[in-house]
Amino acid sequence: MPDCQRLTTDGLQALLDALRARGYRVIGPTLHDQAIVYDDIHTLDDLPAGWTDEQEAGHYRLTRRRDAALFGYAVGPHSWKRFLHPPVQRLWRARHEDDEIIVVAEPAEATRVALLGVRACELHAIAIQDRVLLGGDYRDGHYQARRRDNFIVAVNCAEAGGTCFCASMDTGPQAQHGFDLVLTELVGDGEHRFLVEAGTPEGREVLAELPASPASDAEIAAAEALLAATAASMGREMAAGDVRELLLANLEHPRWDDVASRCLTCGNCTMVCPTCFCTSEADSSDLTGTETSRSRHWDSCFTMDFSYLHGGSVRASGRARYRQWMTHKLATWHDQFGTSGCVGCGRCITWCPVGIDITEEVRAIRETRDGAPT
Amino acid sequence: MAARPDRAPPGDPLTPRVVRVLKRRRDAPRTVTLDIAADDATAFQPGQFNMLTAFGVGEVPISLSGDPADTNRRVHTIRAVGPVSSALARLAPGDALGLRGPFGSGWPMAAAHGHDVVLIAGGLGLAPLRPALYRLLAERQRYGTIALLYGTRSPDEILFRRELAAWQRRHDIRIGVTVDHAPSDWTGHVGVVTRLIPGLALDPANTLAFVCGPEVMMRFTIAALKEAGLGDAAIHLSLERNMKCAVGLCGHCQFGPVFVCRDGPVLCHDRLGGLLGLKEL
Amino acid sequence: MTRVGLEPIIRAHPLFAGLDEAFCQLVCGCATNVRFRACDYLFHEGEAADRLFLLRQGRVALETPTPGQGAIVFRTLDAGELVGLSWLVPPYRWAYDARALEPVRAIAMDAVCLRRKCEQDHDLGFEVMKRVVPILIERLHGTQRQMLDVYGSPS
């Protein structure tokens, strides 16, 4: 960790102030409805100090920590797509005047947004959505505008959640790139401090304004040990190397029927997934018919309407819809975008109301595929 | 190997332009063809589609069915099946609608230079093939033998009847029309469209097939073409899936690794592997 | 035209192409040359299926009369094709009408004669079956696909 600086909690407040002074709206983890969700942050008091989460398949509970760590939990039900690729986006409005129709595109919203507390898996998720929404012939102008002016403060994970498997997906727990600043929170020895490194020129500029001091070798060693311990204590794992080939060779595996018998096709997994990007569009008009508009909203491949064609759904069974979601995420995403669509954050496992575990489903197919030892 | 524009056309791809209906013709029960005044001179490729908006109702993908050489109008053949297509099919000359496009890949017209080409259409699938036929006939000397085989439900559902009759009188193209059932005054063919393939005596090494129709029809047509000796790389299909954005951003039209709107709708069969036979993919 | 004159025609027909000499003699012994004018019926639904027709020229429509809609044509057959399959299995009755769409020339085979020869010589019977069954399967698959009404629009 070269050029590693240390900040106190006051120093972290100074970071918030510096970002706000630069015109950034700062969004970060807050406590709301017994979950840690992303919202506006004004002072350190807005952060969930001293809280952690218990996560298991279909299970999420907040509990108190013994210390006052500000980032002592794993990811919650929100992801940053809520702000970068929001759930509802108006696309245009049309005014009907006499015989004329005037269509006005919704202007792209370009706000300066700082994201505070972005985990390594989430940096990867943002990079994946960048490829999906900005990497092709056609770009999503709204996403592009929202991504243009971001300041990203990443946080290295000091502990793994019960459903985390970023170590398997090679997406964490340490932030490698895609941030302006990265923090590692140290709460031991009765002293609360943050190691901080810059990843961009703007990050260095901001860091230079903060009351930071050089980190000691002991602090750097402690941070490295912490990250190694996190990597070694993942709640889940997935053998990801050949999962694309595994799933594409097993599109008719009986396990799809098995998982379909448990899946409620509620779509929770797609809503909490930080890379799921699918949207649908809805047109509406006012009562007089003088103004019409189109909005797009998050959609899920678990709905019947998603694949609607000529009076019916192409994927009518739960089996087909679960298979579409999982094979897209883990297999065809590679064909489409050159990466996996899964970052190992574990949200789909935690927030599945019946506790379906994507790592377990992959394992079950692997162990019972054609030619597997029985 | 499907033809594809070099890059996205300029402008906001998600906002429709307002265009006007020039002419409306009834082609078959519940099926009309709209000529829409072109708002720009952008050429489209045979096989591409536009997104058409009935304001306040919604938007649907409709393939271009007119002559690609005619830059004054955009022609769309629409069957009224849902609320949006029904609203579009009710439009009269002078009415306004929204248009985005053209989108997607086209038939591999250039790759077919010097080859025999057989177009096989099922039902409304004749609409996206008609621009290919206009192009083939406009550049007749570039191609070998040309044939169009067209299967539909019954004689009263036959699209573009007068044009078909005119093409049937030409000596430089073979036209075969067959229906699933007919009243007794029908003297044409009755039976599945693939029955007309053997009569063409295709040269499998030198023939490209462009196929468009319902998926079941395309599956049995592929089987018949392969029986006639054509390879997967010689068979091109126009696929259909639910499309919302038409530019590869909304995720709806996925078919395995393919985004039908962006990679298709025209795709070479060798790209699809065995996926076409897979249930509920 | 004599029966001997029919032999090269039968031999050239796809149904009997490549048939062994002795078998060919047996088959030709059941054949006669027939002609129909346009709109003539080759046979009607319910009649005894005592003949089969190898079309040489002209097209034939297979149809079923429907109250209120007249006859509905569900298949047309071209030169080179076999008209009639019901002669093959009991109760040997036609299941539909066959109408000439244009002047038709055909070889008519006496089905009773052909069935008897097939029964007497199972090798001949097997040869005939091997040639008729693929036609049967093709008609079945075609009919299945037409029944699916794939071009119909959902109501």
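User: What should I know about the model and its numbering?

Analyst: Residues are numbered from 1 along each chain as its sequence is written, and chains are lettered from A and ligands numbered from 1 in the order in which they are written. Side-chain values use heavy atoms, with hydrogens and water left out, and this is a predicted model in which local features need pLDDT of at least 70, side-chain atom pairs count only at pLDDT 80 or more, and totals for chains, interfaces and linings use all residues.

User: Into which domains is chain B divided?

Analyst: The bounds come from an automatic or database domain assignment. Chain B is divided into domain 1 (17-102) and domain 2 (116-277).

User: How many residues does the contact take from domain 1 of chain B and from domain 2 of chain B?

Analyst: The centres of the two domains, taken over C-alpha atoms, are separated by 21 Å. Contact means heavy atoms within 4.5 Å. On that rule the contact takes 22 residues from domain 1 of chain B and 20 residues from domain 2 of chain B.

User: Which residues in domain 1 of chain B lose the most area to domain 2 of chain B?

Analyst: Buried area is the accessible area (1.4 Å probe) that two parts lose on being put together, summed over both. The two domains bury about 1,700 Å² between them, 61% of it on carbon and sulfur atoms. Together giving 25% of what the side of domain 1 buries, the residues that lose the most are B:P46, B:F49 and B:R79.

User: Which side chain meets B:R79 in a salt bridge?

Analyst: A salt bridge is a side-chain nitrogen of Lys or Arg within 4 Å of a carboxyl oxygen of Asp or Glu. Across the interface of domain 1 and domain 2 of chain B the rule finds one salt bridge. At 3.8 Å, N to O, the partner of B:R79 is B:E157.

User: What area is buried between chain B and chain A?

Analyst: This contact takes 40 residues from chain B and 47 residues from chain A. Carbon and sulfur atoms give 54% of the buried area, which is about 3,600 Å².

User: Which residue of chain A forms a salt bridge with B:R20?

Analyst: Three salt bridges are found across the interface of chain B and chain A. In the one formed by B:R20, the closest N and O atoms are 3.7 Å apart, and the partner is A:E100.
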